[in-house]
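Hi,

Here is the structure I promised to pass on. Have a look at it first, and my notes follow below.

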Amino acid sequence: MKILRIILLVLVVVVVIAVLGGLYIFNDWTRGPLPQQSGEITITAASAQAAGSSSLTDSVEIIRDEYGVPHIYASNTHDLFWAQGYTHAQDRWWQMEFSRHIGNGTIQELTGKTDSLIGTDVFIRKAGWRRAAERDLASYTEEEIALLQAFADGVNTYIMNRDKGDLALEYTLLGLTGVNITIEPWTPADTLVWTKVMADNLSGNWGEELDRSDLYAQLGQEMTDEYVRPWPFGYKPTILQAEDLPISEDTLTTAQATHIDGVVGVDSTFANDYRSTMATMFGEGAGIGSNNWVISGKKTASGMPLLANDPHLSIQMPSIWYEVGLHCTTVDDSCPFDVVGFAFPAAPGVVIGHNANIAWGVTNVGPDTQDLYMIKVNPDNDLQYEWNGEWRDMTVYDEVINFGDGEPPMTIQVRETHLGPIINDNSIDPDTHLPSGFNNTDPMALRWTAYESGTIFRALIMLDQASNWEEFREAASWWDSPAQNIIYADVEGNIGYQTPGMIPIRAAGHSGLLPVPGWTDEYEWLGYIPFDDMPRILNPERGYIATANQAVVPLEYYDQLRDKLADQFGADSNYFIGQEWAYGYRAQRIVEMLEASDQHTAETIQAIQGDNKMISAEELMPYLEAVKFDTEDLTNARAWLLEWDYQLDMDSPQAALYGFFWVNLLNDLYNDQLGDVMNATTRDLSMWATYELAQDPENAWWDDINTPDVVETRDDILVRAFAEGYQAATDALGADRDKWRWGDVHTATFVSNPLGLSGIDLIENIVNRGPVATSGGSDAVNATGFRGVNNDFTVQALPSMRMIVDLSDLTQSLSIHTTGQSGHPYSEHYGDFIDLWRNIQYHPMLWSREQVQAAGAQTLVLKPGS
């Protein structure tokens, strides 16, 4: 017995040691990466040298509030941006690491060889985002490069003096799978490549050219144009209005194109590689866009402007935004920054926010800045293409794709013409998952304004310092790609708006809506709209400016532009900024709510940002109300739905029913004709098309091509879709419709790349957050978009942050973003914004030094050392 007790005791000790050891390892893996955020850290010359970086020249103070939002105080510009880089790396290093691998097309260096990602890396290499970023870098001044380098030096001092496991949990977990990641120093080009990723995300309309080409081939132009309809000028509000333009009574109205020249029926299967890329980076976005508006003092209770912004981007974990304050302790010409707002983790400065004098916000213009050109390759030389009857040499890049798990590297050749890279080379074979090499059958080159030398970083740094309308416009003049609707307010009470960006002027006959021949200069761009001729306004009489990705200007603007530029570019040239806009539902609702009061406050702005009204439902309900059902159950359900206020509130039972009806209506009305080209979108394109078609009950779109012996009309499809939707809602939510809740099916799950997509529940539960019930929907002001395929209402895109700036008292401004400040899953600030965000709540957007110190929860001092 004594021996047995000894054996049992030894076993207990072994188990305890194993458990304690396991707990120690688990704690080290999960808490080890959490950074020091209080006390002092001495940045020695040796640590900076080990990172190949400059060091601090003076002490820097970083005060974080209870939400982990840092305010950085430095005596000089170098130290300010150095400390911003250090701080971003502390909180968001893995996100920064992943972002540069996206931009470089090297994602599989982080994941190992993965069949589903080969097309992603190959496409990014073809698209040449890194090459474009390096061209941008060459266009910046020494002073601008110094700011980028200071940020990089701060990042590198943090990351190059720590083990991988002390930087991010992801390195440890990926290492267990056999992936060996080499951490490379951060460079200015790593920052700039992220601007190309965002430019592609916000201006990637070449995919729409392919879709339109396929639809024209399948359905013909007339039927296609009844789905992809021209923008509803006169029915929905543009950003600038007729009274904002210096037009005369006899100004003609430019007609939108009715016949569109271009190539139809091109092979677009290669685009699946691109769409896979976007899904990998940003989720399968349904509703990329944004809202912003600015109200003058004539419509506010304070008599001073209020400015609001909520950019809509795909759902992700952590948030795409990092909130930060950058403060020179003495603001003067040598250190001119005193600014708070939202930054990208990969970049220095503030993208959206305010300084002591002005505030600004952005939404996507959605201009047409990309075109596809069909290329003729020399049959005797794969590396030459025809141009105006002669053969030109292509530029060829050898791109080596490496894999973090040690698999043999893969090399592809990228061909580039003067119009741009050939993007349908090296399509991925779905069986072998290998690149297919050159495509000499129907090669297409992509021309894109972001391939020109860009200066968006210059624009951002100048915005951060601007003190008035003139300096704001000077900064905006350098904002090239992606073009944004920039709203403005200042402490003098002015409000304004500016469209920036490089907007191509196209040749006559080139709509920009279809691929075009690219072997002559017939369809080559003629130039760009001059900045001073781009839409802008200061202090409109109506007292507000609202943008929500709708058409920027009324058609009269283009008459004026043509008259001014005809001698240089021709009277018949295409001067359109774009032709494919959001159809104005959000803009309509925002304008309605802005017009409803002359006493706006931060509280009324919150109500607008959180508004869930689905105007499309209000448009369609009279048609649904008029149909007859065969069963009392459906008739009663319809009567119950008619009691709805059209608000997609998470607790609304009727919103749930309408959601199921809507997605089934889209399927029954459109998807039989759309076939394999696309699924009908739940967004405003389908909303406007459906409203227009509802007024034409015998239109061919209403007929189901799968029932050749029956010709369905509008009412037949409405009845069918409502019955299907009601049954689907019952199946999903139960028989008692009073217990239904929109938020039970419309949920948000914040997914971290790449581990959040691993398929391993244990790991996904560590790095992901959600699902959580969410209000809103596609093209509500609270734009939590969903795809709707197979009755799936999961949020795919959302307001990525919300900001309200009060120009009467900047300390009363408010802000929030989606997840939290930290990118570390075991940080208290990893997901502490989620409930605030989904319930349309905010935290104070701290401004003054006194306010920051009063709210300070942690203070870290970085000190230079020998």
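One term before the notes: helices (H or I, at least four residues) and strands (E, at least two) are DSSP runs, numbered from the N terminus. Keep in mind that this is a predicted model.

Let's start with the cis peptide bonds. Asn-753 and Pro-754 are joined by one of them, with omega near -5°. Where does Pro-754 lie? Look in the loop between strand S24 (747–750) and helix H24 (761–767). Another cis peptide bond links Ser-481 to Pro-482, and here omega is about 5°. Pro-482 also has its place in a loop, the one that runs between helix H14 (469–476) and strand S17 (484–490).

Next, some backbone angles to check. Asp-779 isn't a glycine, yet its phi is positive, at about 65°. You'll find Asp-779 in the loop between strand S25 (769–773) and strand S26 (785–786). Is Asp-779 buried or exposed? With a relative accessible area of 7%, Asp-779 counts as buried, because the cut-off for that is under 20%.

Ile-840 is another residue other than glycine with a positive phi, in this case near 55°. Its loop sits between helix H25 (834–838) and strand S30 (843–844). Ile-840 has a relative accessible area of 17%, so it also falls under the 20% cut-off and is buried.

Now to a sheet. Which strands form it, and in what order? It's an open sheet of three strands, ordered S16-S10-S20, and the pairing is mixed. Strand S16 (444–448) and strand S20 (516–517) are at the edges, each pairing on one side only. S20 and strand S10 (residues 370–374) run in the parallel sense where they pair, over two bridges. If you want to find that pairing on screen, go to Met-374: its bridge partner in S20 is Pro-517.

Helix H9 (residues 188–203) lies across S10 and S16, and its direction is at about 105° to S16. Helix H10 (residues 206–219) packs on the sheet too, where it touches S10 and S16. The direction of H10 makes about 55° with that of S10.

Cheers

Definitions and conventions. Residues numbered from 1 in each chain as written. Predicted model: local features only at pLDDT ≥ 70, side-chain atom pairs only at ≥ 80, totals over all residues. Heavy atoms only, no water. Pairing = 2+ DSSP bridges. Contact = heavy atoms within 4.5 Å. Axes fitted to C-alpha atoms, helices over the stretch in contact; angles between N-to-C directions. Buried < 20%, exposed > 50% of the residue type's maximum accessible area, 1.4 Å probe, protein only.
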